[in-house]
Amino acid sequence: MENTNMKPTKTILDVFNESNLAKDEYKSYSSFLKSHLLSVDSETNVPWFVKIITIFGACVGSLLFLGFLLISHLLSSEESMIITGSVFVLSGIAVTYANKRNYLSDSLSLSLSILGQVLLGIGIGAKAIEFNTVCYAGLVVETLIYLFAQSYTHKFLSVILIPACLLGIIWNSPIFEATHFLIGGLAVASVLIWTNELPLQIRLNKLPCFFVPTAYGLVLGLLLTLVLSINSKFFVVYINHWYITSLISFFSLSFLLYKSLCQSLGISKKTFWLVLTIIAILFAPTVHAPGIISSVLIIILGFTRSNRILLTLGIVFLATFIISFYYSLQQTLLTKSLMLMLTGVLFLGIGFAFGHLKKKVAMQ
Amino acid sequence: MPDEILNEKFSLKVIYLLAKMDHMSEEVLSSFYSIAGFKPGIQSWISFISKLVLSLGLLFTVTGVIFFFAYNWSELHKFAKLSIVGGAILASTIIALFSELNKFHAKLSLLAVAVFTGSLLAVFGQIYQTGANAYDLFLNWAILITGIVLISNFKPLWFLWLTLINTAIILFAGQILWRWIDPFVFISLFIVNTIALIIYEYFSYRKNPKFDSRWLPRIIGFAIIFSMTVAGIVGIITEFEDYGHAICLLLALGSYVTAFFFYSRKVYDLSSIAVSCVCIIAMVFTVILKARNFDTASIFFIGGFIIVGLTITSAFILIKINKAWKTQI
């Protein structure tokens with residue numbers, strides 16, 4: 001019987017027993033897990049809620065301290081802000097090296113890092129006047145933090161901030177349409193990293209802080225960049241040709257389905273092309289609302305990796321995109337409503353057809 | 001180290017840990033991954049796609065209908081408007097009637113009936129300008145769908161029903177009593193949501209499989225803790241001019257203690273404890289702000305340290321609870 005609800009049902013013992021491991025293999029795997037699963041210091045053992053609290057606390061704490069520095073006029077010149085900012089960023093990175101396995105130092109190092117990044121941003125912005133310079137500097141700083149900081153949370157924030165800096169650069173240039181390729185790149189990268197989850201985890205086992213923050217950061221970066229871009233009129237940026245983003249997301253979805261259905265499940269090429277055609281027809285009416293296909297991409301990615309966090313992210317952002325779509329001024333409410341109703345009816349039709357297929361498979 | 005740790009569920013975390021082992025091969029890890037059930041088979045795919053497609057179909061159709069009536073098309077006759085929503089209710093009801101209620105598509109149909117009922121009330125109000133208050137709409141909507149909610153055993157419907165009751169209470173206090181931000185509104189919401197949460201957690205604690213999923217109690221728990229914290233903070237800032245705020249503060253403190261006790265000892269759920277920690281940080285910070293009489297420079301300086309300090313303490317407590325729970329299983 002297959003596990004269809006995505007929750008782990010088997011115990012470690014069950015899996016080891018079913019794997020028919022040799023005695024020495026069993027011993028080595030079980031002793032490794034016993035020593036690591038109870039370790040409080042292990043980053044893998046820290047629930048994600050704790051990481052969220054750390055990021056929240058570090059952000060609020062560092063912003064308050066920043067407020068103190070500004071109000072007390074301790075940093076009055078641009079140069080002093082840049083120097084102090086750099087010192088804070090470097091100290092933040094250094095703290096992650098000082099005690100890599102102590103999770104509690106993460107909050108302090110993250111606070112230092114965020115404080116330093118904001119100070120650097122204000123300092124460079126005030127000195128250079130142009131926003132582009134801040135974005136380029138941000139890109140360099142975030143890349144350095146991503147490469148050198150030995151912490152999940154530092155790298156995770158950097159992965160999200162790198163696309164944000166790129167977005168700033170694009171929006172300060174005459175080619176707003178390049179936004180589509182940034183979003184498309186993030187969609188492709190998200191699919192590639194998650195479909196290669198196991199080989200990458202093994203290859204990067206000497207660098208344990210890389211895979212998880214990069215993979216989750218890319219997905220969140222993709223969804224946040226899309227939210228910002230769809231509402232770009234608030235930043236006086238007018239982006240057209242949304243079908244480009246939809247098309248790239250569709251190709252990413254096709255690749256994901258190819259890997260999952262053809263390579264893993266071994267379905268025929270003919271069936272695969274039929275599935276792709278149905279998907280293309282289903283999403284055709286929403287081609288100007290790329291958030292919808294992108295969130296569905298993340299939902300399916302979450303399913304293929306049995307990852308409930310990705311699935312939840314996809315659902316939450318799907319709701320966000322539909323609300324954004326309501327306020328979008330590119331079409332009238334009547335056009336949008338007809339578009340959604342048409343898509344809905346198409347989906348329901350396919351859904352009921354699938355219901356019959358399900359019955360057929362269950363009978364077999 | 002105890003052998004009981006091997007009875008822990010084989011989650012993705014275990015895969016991530018095993019990947020860190022020296023000489024771990026991709027074949028072995030893939031085999032563990034498949035045996036543990038992380039690689040969906042054809043049956044899982046069909047089940048998932050079927051649910052996804054139906055859910056998206058319902059979502060798009062319902063939002064399409066909402067957008068359509070928001071457009072308020074003046075050229076469309078009022079009977080046509082009412083017929084569209086009435087037809088949608090009828091179609092969804094027929095699907096639900098001729099299906100087994102435990103099937104996913106039947107539950108989705110009931111959800112559609114519930115949502116379209118609200119649309120019908122809104123369209124009726126839009127056409128005839130009944131002059132009713134918005135709370136009337138939400139209350140009547142909740143009353144009309146109560147039967148559907150009871151028979152459905154579908155959590156999104158319960159969530160919708162609770163949201164409608166909460167909205168009706170807030171709007172009743174604002175539109176009828178002219179008390180928009182009132183501690184007794186928060187207390188009323190607290191009572192409603194706490195009753196719902198207690199019922200859910202009672203059955204969850206008794207291991208009733210229908211109450212296995214955690215998303216609904218988490219949202220209700222967050223709403224309770226968060227709303228009481230906000231009301232408590234308002235009380236601290238206003239020096240409890242209204243005694244209702246003092247009750248809210250006490251209820252907030254009671255919620256934190258209950259969340260810590262219940263979710264660390266009875267039903268393991270770290271998320272509600274984590275939310276309590278964030279709310280406690282906010283509460284402590286407000287108390288200090290008030291004690292320093294909102295003296296800006298020192299507050300920013302002390303505040304930064306306090307927030308970081310409390311965050312570290314919270315993370316430490318959460319990790320300890322996590323470890324203690326693991327050693328129990």
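Trainee: Is K290(B) buried, partly exposed or exposed?

Mentor: This is a predicted model, and in it K290(B) comes out as partly exposed, because 13 other C-beta atoms lie within 10 Å. The cut-off for exposed is 12 or fewer, and buried needs 20 or more.

Trainee: Which helix does K290(B) sit in?

Mentor: K290(B) is part of helix α11 of chain B, which covers residues 270–291.

Trainee: And what does K290(B) touch, leaving out residues up to four places away in sequence?

Mentor: Two residues: I236(B) and I237(B). Take I237(B): 53 residues separate it from K290(B) in sequence, yet the C-alpha atoms of the two are 6.7 Å apart in space.

Trainee: OK, zooming out. How many helices and strands are there in chain B?

Mentor: Chain B has 12 helices and zero strands. Read from the N terminus, the elements go α-α-α-α-α-α-α-α-α-α-α-α.

Trainee: And what about chain A, how many helices and strands there?

Mentor: Chain A has 15 helices, and zero strands as well.

Trainee: What percentage of the residues count as buried in each chain?

Mentor: In chain A, 45% of the 364 residues count as buried. In chain B the figure is 40% of 329 residues.

Trainee: Switching to the inside. How many residues are in the largest nonpolar core, and which have the most contacts inside it?

Mentor: That core has 170 residues. Those with the most contacts inside it are V219(A) from chain A, plus L111(B), A114(B), L157(B), W161(B), M228(B) and A274(B) from chain B. The largest share, 13 residues, comes from helix α3 of chain B, residues 42–71.

Trainee: Which residues are in another core, apart from that one?

Mentor: The other core has 18 residues, including I12(A), L33(A), I5(B) and L17(B).

Trainee: Now the two chains together. How many residues of chain A are in contact with chain B?

Mentor: 80 residues of chain A, and they meet 79 residues of chain B. Several helices give two or more residues to the chain A side, among them α1 (12–18), α2 (23–37), α5 (105–128) and α14 (308–327). The one that gives the most is α15(A), with 18 residues.

Trainee: By class, what is on that side of chain A?

Mentor: The side of chain A that touches chain B has 45 nonpolar, 29 polar and six charged residues.

Trainee: You mentioned α5(A). What span should α5(A) have, and what comes after the helix?

Mentor: At 1.5 Å a residue, its 24 residues should span 34 Å, and the end C-alpha atoms are 34 Å apart, which agrees. After α5(A) comes I129(A), which has a positive phi, near 70 degrees.

Trainee: Last topic, domains. Where are the domains in chain A?

Mentor: Domain 1 of chain A is 39–173 and domain 2 is 175–330. Their C-alpha centres lie 27 Å apart. The contact takes 15 residues from domain 1 and 22 residues from domain 2. On the domain 1 side, the largest share is the 10 residues from helix α7, residues 152–171 of chain A. By class, that side divides into 10 nonpolar, three polar and two charged.

Trainee: And where are they in chain B?

Mentor: There the assignment gives domain 1 as 56–180 and domain 2 as 185–329. The C-alpha centres of these two lie 32 Å apart. Domain 1 of chain B puts 11 residues into the contact and domain 2 of chain B puts in eight. The domain 1 side has seven nonpolar, two polar and two charged residues.

Notes: Residues are numbered from 1 along each chain as its sequence is written. Chains are lettered from A and ligands numbered from 1 in the order in which they are written. This is a predicted model: local features need pLDDT of at least 70, side-chain atom pairs count only at pLDDT 80 or more; totals for chains, interfaces and linings use all residues. Helices (H or I, at least four residues) and strands (E, at least two) are DSSP runs, numbered from the N terminus. Two residues are in contact if their C-beta atoms, placed from the backbone, lie within 7 Å. A nonpolar core is a set of buried Ala, Val, Leu, Ile, Met, Phe, Trp, Tyr and Cys residues joined through C-beta atoms within 7 Å. Ala, Val, Leu, Ile, Met, Phe, Trp, Tyr, Cys and Pro count as nonpolar, Asp, Glu, Lys and Arg as charged, and the others, Gly among them, as polar. The expected span of a helix is 1.5 Å times one less than its number of residues. Domain bounds come from an automatic or database domain assignment.
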